[in-house]
Amino acid sequence: MRVGLIGSVGSSLLTLQKLVEHSFDVVGVWGYEPHSTLNVSGYCSMRRFAEDNRLSYYPFIKVNSNDIKKQIRCASVDVLFVVGLSQLVDEDIIGLPRLGCVGFHPTRLPKGRGRAPMAWLILDKGEGAATFFKIGKNADEGDIFVQEPFPIEEDDDVTSIGIKLNGAMVRALDRWLPSLSSVGLQGIPQDGNAATFYARRAPLDGCIDWSNKARDIDRLVKASTSPHPGAFSFYGNNKVLIWKSNYYDSGYAKGVIGRVVSFNNGNPVVQTTEGYVELVKYNMIDYLDRAVDEHLVVGSRLGYYDQYEIFRLRNEMEMIKQELMSLKNEK
């Protein structure tokens, strides 16, 4: 069976490694190679593995380009895996493999269809699973070939879920690939009536509102941490990126929402509307994303406060007006 793979992240490479391990005839590897990988969460190049295993490797920026379609067509692919790619393949590519396209999703489909599933699994306390399914014209709704669930615990973050997901992928592929080799693509239809959906998330969605409950803020940090862009707040003119946290229902003196009320093991503890968030790992950057050598202290207040900021901006505007008037009068 002639197979190909399109991808851009760690799950793409893991799938490719398993295809080689199970002795599939991998006739093409298409790897996403953007101009910058800074905004590609969990980016992983497959070029070196492909070259080390003498597999034909094709880099791309836009997967639906005519060049990529021609390469896939010339490779005479029976099954095309599309794993770990944020771009949606169009109907032309879906129709190129002789047997079909195989997609991957980290939820227990039909639950959790859609975008940013890893973050939503934490925020929504969803059901995790390594799911390989048939790609059709509508996202994440094709027949399921194999599904390997994994548990999500209260203290899981994106990093720990990624480790669990990799283990589930290995088990799923080891169980299913021998069947794929012998009988081809045979799946089970999804129950559309049981489907739930996740919408797109953006880096801005990691902004912390300290008037939320400590438990919810802690979950936002866990959902936004590396390889995602991180949860964040503001301190003065700087941005505070928060990568790891704990939360407590009590144990500290009550303070003003958003203010550092104490330290625990050297970590600042911030008051929320209900409970406290300990910032276990954080750093500060300026408006140009340059590192700032500054640290929070007891009394530091995070976030912006509308009335004060409006007052400050109005006064700055008035000062600018007066300066402009002075310059005009001098002329």
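**Note on side-chain contacts in the predicted model**

1. Tyr 58 is partly exposed, its relative accessible area being 24%. The structure under review is a predicted model, and a search over the whole of it returns 11 aromatic pairs. One of these is formed by Trp 30 and Tyr 58, a stacked pair with 5.0 Å from centre to centre and 20 degrees between the planes. Because Trp 30 belongs to strand 2 (residues 25–32) and Tyr 58 to strand 3 (residues 57–60), the pair ties together parts that are 28 residues apart in sequence. Trp 30 is buried, with 0% relative accessibility.

2. Phe 104 and Phe 132 form a tilted aromatic pair, with a centre-to-centre distance of 4.9 Å and an angle of 50 degrees between the planes. This pair links distant parts of the chain: Phe 104 is in strand 5 (residues 100–107) and Phe 132 in strand 7 (residues 128–134), 28 residues apart. Phe 104 counts as buried, at 13% relative accessibility; Phe 132 is buried as well, at 0%.

3. Arg 201 lies over the face of Trp 120, and here the distance to the ring centre is 5.1 Å.

4. Turning to charged pairs, the structure contains 20 salt bridges. Among them is the one between the side chains of Lys 18 and Asp 174, with 3.0 Å from N to O. Lys 18 is in helix 1 (residues 10–21) and Asp 174 in helix 6 (residues 158–183), so this contact ties together parts that are 156 residues apart in sequence. What network do Lys 18 and Asp 174 belong to? Salt bridges link Lys 18, Glu 21 and Asp 174 in a network. As for accessibility, Asp 174 is partly exposed, at 32%, whereas Lys 18 is buried, with a relative accessible area of 10%.

5. A further salt bridge joins Arg 215 and Glu 154, whose closest N and O atoms are 3.4 Å apart. Distant parts of the chain are linked by this pair: Arg 215 sits in helix 7 (residues 214–224), Glu 154 in the loop between strand 8 (144–150) and helix 6, and the two are 61 residues apart. Arg 215 is partly exposed, at 35% relative accessibility, and Glu 154 is likewise partly exposed, at 36%.

6. The salt bridge between Glu 316 and Arg 312 brings their closest N and O atoms to 2.9 Å. Where do Glu 316 and Arg 312 lie, and how many residues apart? They are 4 residues apart in helix 8 (residues 306–330), which means a separation of about one helical turn. Glu 316 has a relative accessibility of 36% and counts as partly exposed; Arg 312 is partly exposed too, with a relative accessible area of 27%.

7. Regarding annotation, an unreviewed UniProt entry lists residues 205–281 as "domain: Formyl transferase C-terminal". In the model, that span is 14% helix and 42% strand, and its end C-alpha atoms lie 19 Å apart.

How values were computed
Residues numbered from 1 in each chain as written. Predicted model: local features only at pLDDT ≥ 70, side-chain atom pairs only at ≥ 80, totals over all residues. Heavy atoms only, no water. Salt bridge = Lys/Arg side-chain N within 4 Å of Asp/Glu carboxyl O. Buried < 20%, exposed > 50% of the residue type's maximum accessible area, 1.4 Å probe, protein only. UniProt positions renumbered as here; feature names shortened; annotations may be inferred. Phe/Tyr/Trp six-rings, centres within 6.5 Å; stacked < 30°, edge-to-face > 60°. Lys NZ or Arg CZ within 6 Å of the ring centre and 35° of its normal.
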